[in-house]
Amino acid sequence: MKSMTGYGYCESQTERLHTVIELKSYNHRYLDVIVNAPNFLGQIEQEIRSFISSRVKRGRVELYLKVKDQSEEITVNIDKAAACSYKKAFEELIKATGIEDRVRLSHLMRMEGVIKTENKRDMDFYWSSIKPLLEKVFEEYENSRISEGLKIKEDLNKILEEIHKGVREIENVSPRIKEHVTSEIRKRFEELLGENIDETRIYSETAMLLIKFDINEEIVRLKTHLERFSEVIKNEEGVGKSLDFIAQELNREINTIGSKSINLEISSTVLKIKGCIEKIREQLRNAE
């Protein structure tokens, strides 16, 4: 089991590149990958997304990438036609306004399109430099998720034991329901008919009420769901959604037991188990 919460950080300095990668994630219903990288690395953003998506199942994952290239190759081009057009326009403006001035180089350099710069960037070089660092960051990030996941798993197992204990208590008390129902029906018949009691009628009424208040099926299903939960939790990853579904089924069965209960001990235990199931679902909100 892994947590959806994780963190990794790495910084690298070479003769040419200074690179910083920060990777962190939070709980989220689905996988949502956010990549914050310099604009000039837009072409490798999809590579980064694919790297993360192939390794993370669920959660909001945020990656921050900073790269400073200390030996960028920049090509400078001059648009002579644009420069001449601007010069001609300035001269006409001077003539039209009668202002005593002349066109200077500084005027032309400020005009858009006169000087154009082009960065020669090799995306394969950048990706080959960034990927090893990304793998290192992800290893740290993954270890933090595994560590947190172990804590969640340990807590879930403790809560499961509490639920098992509660189910055993309900099983021990449930036979008393038959005794209670039989006693109450006999008492009512005695109040109404005195000693002229029809035993067959008592058995018939008891059977009808026992069908209504019987919780054996719910207990069996509850134990089955608990066994399934224990099996799934042993898996290393991608169990969050499955466990949440089982927790919903647990909640459904315990609610049914609670609605049928005519015993205070069972009702009290039902409340404790419902509290445990709610704790499980809270923990599962952070499980991948």
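Analyst: Start with how angles are read. Axes are lines fitted to C-alpha atoms, and angles run from 0 to 180 degrees between N-to-C directions. Keep in mind that this is a predicted model.

User: What describes two packed helices?

Analyst: Two packed helices are described by the angle between their axes and the distance between the axes. Now the case here. Helix 4 covers residues 123-173 and helix 7 covers residues 216-232. Their axes come within 11 Å and cross at roughly 160 degrees. Angles over 145 degrees count as roughly antiparallel. Therefore helix 4 is roughly antiparallel to helix 7.

User: Is the crossing of helix 4 and helix 7 left-handed or right-handed?

Analyst: Helix 4 passes helix 7 in a left-handed crossing.

User: Which residues in helix 4 and helix 7 meet?

Analyst: Helix 4 brings L160, I163, H164, V167, I170 and E171. Helix 7 brings I219, L222, K223, L226, F229 and S230. By class, this contact of helix 4 with helix 7 has eight nonpolar, two polar and two charged residues.

User: At what angle do helix 4 and helix 9 pack?

Analyst: Helix 9 spans residues 264-284, and its angle with helix 4 is about 165 degrees. The axes are 9 Å apart. That angle makes helix 4 roughly antiparallel to helix 9. The crossing of helix 4 past helix 9 is left-handed. On the helix 4 side, the contact residues include I152, L156, I159 and L160. On the helix 9 side, they include I266, V270, I273 and I277. The residues of this contact of helix 4 with helix 9 divide into 15 nonpolar, three polar and five charged.

User: Now the sheet. How do strands of a sheet pair?

Analyst: Strands of a sheet pair through backbone hydrogen bonds, either parallel or antiparallel. In this model, four strands form an open sheet in the order 1-2-4-3, and the pairing is mixed.

User: Which strands stand at the edges?

Analyst: Strand 1 (6-13) and strand 3 (31-36) do. Each has a single partner strand, so one side of each is left without a neighbour in the sheet. From one strand to the next, the twist averages 10 degrees.

User: In which sense do strand 1 and strand 2 pair?

Analyst: They pair in the antiparallel sense, over eight bridges. A hairpin of three residues joins strand 1 to strand 2. To find the pairing on screen, look for G6, which stands opposite S25 in strand 2.

User: Over how many bridges do strand 2 and strand 4 pair?

Analyst: Strand 2 (residues 17-26) and strand 4 (residues 59-69) pair over 10 bridges, in the antiparallel sense. L17 stands opposite D69 in strand 4. L23 stands opposite L63 in strand 4.

User: Which strands does helix 4 touch?

Analyst: Helix 4 packs on the sheet and touches strand 1, strand 2 and strand 4. Its direction makes about 145 degrees with that of strand 1. Helix 1 (residues 45-53) lies across strand 2, strand 3 and strand 4. Helix 1 runs at about 145 degrees to strand 3.

User: Last, what describes a pair of aromatic rings?

Analyst: The distance of the centres and the angle of the planes describe a pair of aromatic rings. This structure holds four aromatic pairs. Take F51 and F138. Their ring centres are 5.8 Å apart and their planes are at 90 degrees, so the pair is edge-to-face. F51 lies in helix 1 and F138 in helix 4, so the pair ties together parts that are 87 residues apart in sequence.

Methods:
Residues are numbered from 1 along each chain as its sequence is written. This is a predicted model: local features need pLDDT of at least 70, side-chain atom pairs count only at pLDDT 80 or more; totals for chains, interfaces and linings use all residues. Side-chain values use heavy atoms; hydrogens and water are left out. Helices (H or I, at least four residues) and strands (E, at least two) are DSSP runs, numbered from the N terminus. Angles under 35 degrees count as roughly parallel, over 145 as roughly antiparallel, 65 to 115 as roughly perpendicular and the rest as oblique. A crossing is left-handed if the near helix is turned anticlockwise from the far one by less than a right angle, and right-handed if clockwise. Contact means heavy atoms within 4.5 Å. Ala, Val, Leu, Ile, Met, Phe, Trp, Tyr, Cys and Pro count as nonpolar, Asp, Glu, Lys and Arg as charged, and the others, Gly among them, as polar. Two strands pair if DSSP finds at least two bridges between them. Rings of Phe, Tyr and Trp (its six-membered ring) pair if their centres lie within 6.5 Å; planes under 30 degrees apart count as stacked, over 60 as edge-to-face and the rest as tilted.
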